[in-house]
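Here are my notes on this model. Please read them with the structure open.

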Amino acid sequence: MALDKILSIGGKPGLYKLLTQTRSGFVGESLLDGKRITVGMQSNVSVLSEIAIYTLEEEMPLREVFQKIKEKEGGKKTSVSHKADKIDLEEYFFSVLPNYDEDRVYASDIKKIIQWYNLLTDNNITDFVEEKTEGEGEESAVASSEEE
């Protein structure tokens, strides 16, 4: 399952798998307990594939951060808990992403990232790298510029 089907819903714990869309919102299934909920359009919902983390150079997509954690941990859960002290969280995140912007990425953000990564790992959702659509798009852009 791709990250574009995984949602974070404001005010609700954990992550949700998008099941279907309705006229007034969508139906999601909790990755924590498997319960289904209906969410209206007025709710604050974020798709994980659209979230990025601030670095000193640019914003890095969350999928790439998850991939770096996966490589560091060998595909297993993180060695630090999301309930760890602020210093431990920042130290761990610095080892994963040494150029993250410490002024704009807070300890609460790091907690969420670690918690989400562990939840996704528990649910065997570990395919964080994008499919080849990105590379194909680049090739077609090159082809269209050569035609001009």
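How much space lies in the largest pocket?

1. About 410 Å³. Bear in mind that this is a predicted model. The lining of the largest pocket comprises 19 residues. Nearest the pocket's centre are Ser 8, Ile 51, Asp 109, Lys 112 and Trp 116.

2. Which elements give two or more residues to that lining? They are strand E1 (6–9), strand E6 (52–54) and H3. H3 gives the most, with 5 residues. By class, the lining splits into 9 nonpolar, 6 polar and 4 charged residues.

3. H3 also packs against another helix. The axes of helix H1 (residues 62–73) and helix H3 (residues 107–122) come within 11 Å. They cross at roughly 70°, which makes H1 roughly perpendicular to H3. On the H1 side, the contact is made by Leu 62, Val 65, Phe 66, Ile 69 and Lys 70. H3 supplies Ile 113, Trp 116, Tyr 117 and Leu 120. The residues of this contact are 8 nonpolar, no polar and 1 charged.

4. Is Glu 29 buried or exposed? Glu 29 has a relative accessible area of 17%. The cut-off for buried is under 20%, so Glu 29 counts as buried. Glu 29 sits in strand E3 (residues 25–30). Leaving aside neighbours within four places in sequence, Glu 29 is in contact with Leu 15, Tyr 16, Lys 17, Leu 19, Gly 34, Lys 35 and Arg 36.

Note on methods:
Residues are numbered from 1 along each chain as its sequence is written. This is a predicted model: local features need pLDDT of at least 70, side-chain atom pairs count only at pLDDT 80 or more; totals for chains, interfaces and linings use all residues. Side-chain values use heavy atoms; hydrogens and water are left out. Helices (H or I, at least four residues) and strands (E, at least two) are DSSP runs, numbered from the N terminus. Buried means under 20% relative accessible area, exposed over 50%, partly exposed in between (1.4 Å probe, protein chains only). Contact means heavy atoms within 4.5 Å. Axes are lines fitted to C-alpha atoms, for helices over the stretch in contact, and angles run from 0 to 180 degrees between N-to-C directions. Angles under 35 degrees count as roughly parallel, over 145 as roughly antiparallel, 65 to 115 as roughly perpendicular and the rest as oblique. Ala, Val, Leu, Ile, Met, Phe, Trp, Tyr, Cys and Pro count as nonpolar, Asp, Glu, Lys and Arg as charged, and the others, Gly among them, as polar. On a 1 Å grid over the protein atoms alone, a cavity is a set of points where a 1.4 Å probe fits but cannot get out, and a pocket is an open set with protein on both sides within 12 Å along at least five of seven lines; lining residues have an atom within 4 Å of a point. Grid points are joined across faces, edges and corners, and a volume is the space filled by probe spheres set on the points.
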